[in-house]
Amino acid sequence: MFMTFRICHQPDAGFCFLELGQKAINAPAIRKKSRRMKLEGAWTLLLFAVSAWSVPIDRKEVHQEVKDEEQVESMDTGLYYDRYLREVIEVLETDPHFREKLQTANTEDIKNGRLSKELDLVSHNVRTRLDELKRQEVSRLRMLLKAKLDSTNTQSLQMDHTSLLKQFEHLDPHNQNAFEAKDLELLISTATKDLENYDAERHEEFKRYEMLKEHERREYLKGLDQEKREKEEQRLQELKDKHRQHPKVNAPGSVAQLREVWEETDRLDPKEFNPKTFFKLHDTNEDGVLDEQELEALFTKELEKVYDPKNEEDDMMEMEEERLRMREHVMKNVDTNKDRLVSLAEFLKSTEKKDFNSPKEWETLDAKPAYTEEELQRFEAELRDKEEELKRRADMLQQEQELLKERGKALEAQRREYQQAVLEMSQRHKEQPGDDGQPPTSPRGELQFQPPQHEDQAGKVAVVENLEDALVRNNLPAEPPQNLPAHT
């Protein structure tokens, strides 16, 4: 899934929109409208769109959408600290002082940390809520760290949480209980940096997707005999040729491309084309700029010439990469101050350039491969290494499973032995006389009493018995003889 994270300013209302949306890589060309969640004004200078919904412009719905105040479900930005970022913004916008400073702040005030200093002037209630948010975030990060260490069998008895938390750049790890100005500064700078790198990550993700697709194609063909392989190769080549047979694609941002949108999407007279009117018409939220989402919506018509989700030869992942390339092309040529927003002045100035009326022919993705053969070979080597590692881990798990089975069998056998021993002891206990606590009886049922022997008596009895045994072994009488002559 691709995610949208954009904040834009609405001057007349003094609000901002934090737009969080998601875009499925295999979604059809006609998309639903992105949802919006209102936030504070100056955040538009902080964060910007990293991807967008592609939507055909419906002028009847534009004003209704902008005025709609209904609470909508917020989407994930893709940042691992997304929830923390969103909750901090929501808490800060509840403070009137901070809200006022946001509305008057500029890009430099935000990026150089001046805005963060205003945190000292917010209400006690807001600070308390921010402190609690930070403690929750620190607790969440600790759990993530513990889970990671546990998964790698790392001994964590002497874990230094402060040192480990330093790897997270969006908060101050030295003060884990209070949200300070430094926390806001770190959160702003980290989110800005992460979102700026998002386009490059999308390009890299697409390249790996294309290499994986080619790898699977080659592996599939290896498994076929020669006759089937030739037929399959011919079929795949026909699909590739069919995909390339599409109408001419106009260069994004050129007069031909904009006139086509004006005529076929907006249903207006092509003879009345006016760049200023076009700009205001497609500034759907009326904030005075065209953001990345609004720009990408202009490319839908061109993309439909090349990609159709119903066709086997058309890959919707490639369509989204093409959309990203088109948006980057326009931003490079039109966005002169590099704020990822196109103002009316920038837009009108771009219409005066030579490339606006006579652009170079736009080359689609199929004109040039996304990777080299060397990159593909390195990618396949990585796949082999991963497969070997997975196989090794699978073998280890299999061995551990067999060992556990053997230990289970041994424990079961031991348990049965213990059960048998207990059963035998219980049986012998039942067979012994007097086991019921009653005195022993004679064969005729008479009670037999044995007087208790004290410890010293028991010793004497034992000595007498041993003496009698000795006399018997030596053939001596048990009693001394009588009538012996008296010694003189």
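I began with helix 9 and helix 18 (residues 373-431), which pack at about 75° with axes 10 Å apart. Axes are lines fitted to C-alpha atoms over the stretch in contact, with angles from 0 to 180 degrees between N-to-C directions. The two helices are therefore roughly perpendicular (65 to 115 degrees). Helices here are DSSP runs of H or I, at least four residues, numbered from the N terminus.

I then noted who touches whom, counting heavy atoms within 4.5 Å. Helix 9 brings residues including Met211, Leu212 and His215, and helix 18 brings Leu376, Phe379 and Leu383 among them. By class, this contact has 5 nonpolar, 1 polar and 9 charged residues (Asp, Glu, Lys and Arg count as charged).

The model is predicted: local features need pLDDT of at least 70, side-chain atom pairs 80 or more, while totals for chains, interfaces and linings use all residues. Residues are numbered from 1 along each chain, and side-chain values use heavy atoms, without hydrogens and water.

Next I looked up the largest pocket, about 930 Å³ in volume. A pocket is an open set of points on a 1 Å grid where a 1.4 Å probe fits, with protein on both sides within 12 Å along at least five of seven lines; lining residues have an atom within 4 Å of a point. The volume is the space filled by probe spheres on the points. Helix 10 gives the most to the lining, 8 residues.

Last, I found 33 salt bridges (Lys or Arg side-chain nitrogen within 4 Å of an Asp or Glu carboxyl oxygen). In one, Asp82 and Arg86 have their closest N and O atoms 2.1 Å apart.

Definitions and conventions:
Parallel < 35°, antiparallel > 145°, perpendicular 65-115°, else oblique.
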